[in-house]
Amino acid sequence: MPKIAVIADPHIGVEKPHFVGNWHRAVAEANARAPDLTVILGDLTFDGAHSEADCAFAREALAALATPWLAVPGNHDVGDTDRGSGKASDPARLARWRRHFGPDFWLSDLDGGWRLVGIDSQILGTGLAAETEQWAFLEEALTGGRRVLLFTHQPLFLKNWDEADRLYWASCGAARRRLRDLFRSADVAAVVSGHMHRAFVSLPKAGPSFVWTPATSFLTRDASMPPQGGTAMTGITLLDLSETGVAVGFHPIPDLETFFIEDFNGTLYPAPAR
Ligand SMILES: [Fe+2]
Ligand SMILES: [Fe+2]
């Protein structure tokens, strides 16, 4: 049965290459575990939302993976869902992503009746034409009679389906509710997300599991973050698919360098919006 390696939040680029060493260590670890496929769960680039060079660098870096790969974009790749953030996702940013990495939303059918569905969380709730296309795609993709793993950079929510919007951190309520409605006529085993740079699994009594995957790049101190679940760790994630479901393994990598983004005093990224 298929085995998938997930590498989340590498944040690699040319002008600020601080996390490139960790990328290489994470790729070596993923390759050593001989998965069938590697999924890159967004924030692949340090600043692809502004930098063509970061996108070109990251695209070349993917050649180190021993397996085929699929990638969804994150906020640092294509911009924010918040229209007023100063770095909103827009057609030019989406076009840049697609030029370097291919579609920002996609599906891939695997053995055992599994379907991987990757979405672009950064267009949800934006009103962009790409969002309309993605909803039409999702309506088909989720109801094809297959067991689905949904990959998204931003989690759908931090605590629960009905929480207030925090656009920097999670999908907006309107998009979340529309997805929940789609899930009712689908068989979604798990929603797998990045962005939080933390490891977390939630197994509700009904509906999909929610998996937050650790980043390979850096950690964020609790004081910078909204209240949340999970464990601060860096590493990769392995998803083992079987007839009965998906087994999730978080794998710390001993030689990953540990960085806290706050220790750079805002020189790499501004402080996250708590
Ligand atoms: Fe990230
Ligand atoms: Fe992110």
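**Exercise 1.** Does Leu256 count as buried or exposed, and at what relative accessibility?

*Solution.* The model is predicted: local features need pLDDT of at least 70, side-chain atom pairs count only at pLDDT 80 or more, and totals for chains, interfaces and linings use all residues. Residues are numbered from 1 along each chain as its sequence is written, chains are lettered from A and ligands numbered from 1 in the order in which they are written, and side-chain values use heavy atoms, without hydrogens and water.

Step 1. Buried means under 20% relative accessible area, exposed over 50%, and partly exposed in between (1.4 Å probe, protein chains only).
Step 2. Leu256 has 7% relative accessibility and therefore counts as buried.

**Exercise 2.** Locate Leu256 and list its contacts beyond its neighbours within four places in sequence.

*Solution.* 
Step 1. Leu256 belongs to the segment after β11 (246-251); strands (E, at least two residues) and helices (H or I, at least four) are DSSP runs, numbered from the N terminus.
Step 2. With those neighbours set aside, Leu256 is in contact (heavy atoms within 4.5 Å) with Asn22, Arg25, Ala26, Thr216, Thr234 and Gly235.
Step 3. Gly21 is 235 residues from Leu256 along the chain, yet their C-alpha atoms are separated by 8.0 Å.

**Exercise 3.** Describe the chain as a whole.

*Solution.* 
Step 1. Count the elements: there are 6 helices and 11 strands.
Step 2. State the burial: 59% of the 274 residues are buried.
Step 3. Consider contacts with a separation of 6 or more: residues 24 or more positions apart account for 70% of them.
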